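Good morning, colleagues. Please look at the sequence and the model on the screen while I go through strands, loops and a pocket.

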Amino acid sequence: MPLALITGASRGLGAAIAQELESTHRLLLGGRHAEALKPLAGHLPDATPWPVDLTDFSAVTAACEGIDELDVLVHNAGYAEIGSIADTALDTWRDTMELNVFAVVHLTRMLLPALLRAGGHVVFINSGAGLRVRPDWSAYAASKFALRAFAEGLRAEEPRLRVTSIHPGRIDTDMQRAIVAAEGKSEYTPDDFLKPSTVALAVGNAIRTPADCHPTEIVLRPIKR
């Protein structure tokens, strides 16, 4: 079976993507801590934990050395901290760019030979914030605009690869709960957001798209109830 690497796979959307691909791919489950990846790996038939801190670039380089061919790379790991431009410290901007952009660039570069050998597919989990900017989301949106630009550059430079940017609206995850709390809202309603399984299905459909088609951008928005 083809091999797929999913970052941020220990929970939320990353875990849902792994479950979506389990019947068609061997899986490398990326995450910061091995212990957090074991429960999911134990429930999937051909999944292996791939624990590495994506912002430790030397460790990422070493972790990629044994990957000779890679059919699918899903960049799912990300970081979001909301706040106004006036109130968002420069360190927050650095942390956001470090994980959402620089770590993605480095991992892609390290795995590019393996992806090219396989004629692979790179999927970027972007965001609606990568298409438009809302108040208090400037740092996160800036990172997602940069991520979109990187995806477009990769697509232009490497025609042997398929490169897809997924732009979902807000998703029902633990990170979303933290964001809602930071927005000062006392109530969290899961039905206000996209289900992780719904976004994972869109990822799976993009990967399964026949080879004569290149799915470049997919935008998903929750139904307003």
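This is a predicted model: local features need pLDDT of at least 70, side-chain atom pairs count only at pLDDT 80 or more; totals for chains, interfaces and linings use all residues.

Let me begin with a unit of the fold: β2, helix α2 (residues 34-43) and β3 together make a right-handed β-α-β unit. By right-handed I mean that, with the strands pointing away from the viewer, the path from the first strand over the helix to the second runs clockwise. Helices (H or I, at least four residues) and strands (E, at least two) are DSSP runs, numbered from the N terminus.

Residues are numbered from 1 along each chain as its sequence is written, and side-chain values use heavy atoms, with hydrogens and water left out.

Within that unit, strand β3 covers residues 47-51 and pairs with β2 in the parallel sense over five bridges; two strands pair if DSSP finds at least two bridges between them. Leu29 stands opposite Pro49 in β3.

What lies on the other side of the discussion is strand β1, residues 3-6. Leu3 and Leu5 point one way from β1, Ala4 and Ile6 point the other way, and all are buried. Buried means under 20% relative accessible area, exposed means over 50%, and partly exposed lies in between, with a 1.4 Å probe and protein chains only. Strand β2 (residues 26-31) is a parallel partner of β1, with four bridges, and Ala4 stands opposite Leu27 in β2. The chain passes from β1 to β2 through helix α1 (residues 12-21), and this β-α-β crossover is right-handed. Strand β1 also runs parallel to strand β4 (residues 72-75), to which three bridges join it. There, Ile6 stands opposite Val74.

I turn now to single residues.

Asp136 is found in the loop between β5 (121-125) and α5. Its phi is near 75 degrees, a positive value in a residue other than glycine. Most residues other than glycine have a negative phi. Asp136 is partly exposed, because its relative accessible area is 38%.

The loop between α7 (196-208) and β7 (217-220) holds Asp212, and His214 lies in the loop between α7 and β7 as well. Asp212 has a relative accessible area of 73% and is therefore exposed, whereas His214, at 32%, is partly exposed.

Asp46 sits in the loop between α2 and β3, and its relative accessibility of 32% is why it counts as partly exposed. From Asp46 to His25, 21 residues apart along the chain, the C-alpha separation is 7.8 Å.

My last topic is a pocket. Which residues line the second largest pocket? They are Pro2, His25, Asp71, Val72, Ala118, Gly119, Gly120, His121, Arg162, Ile207 and Ala211. By class, this lining has five nonpolar, four polar and two charged residues. Here Ala, Val, Leu, Ile, Met, Phe, Trp, Tyr, Cys and Pro count as nonpolar, Asp, Glu, Lys and Arg as charged, and the others, Gly among them, as polar. About 180 Å³ of space lies in this second largest pocket. On a 1 Å grid over the protein atoms alone, a pocket is an open set of points where a 1.4 Å probe fits, with protein on both sides within 12 Å along at least five of seven lines, and lining residues have an atom within 4 Å of a point. Grid points are joined across faces, edges and corners, and the volume is the space filled by probe spheres set on the points.
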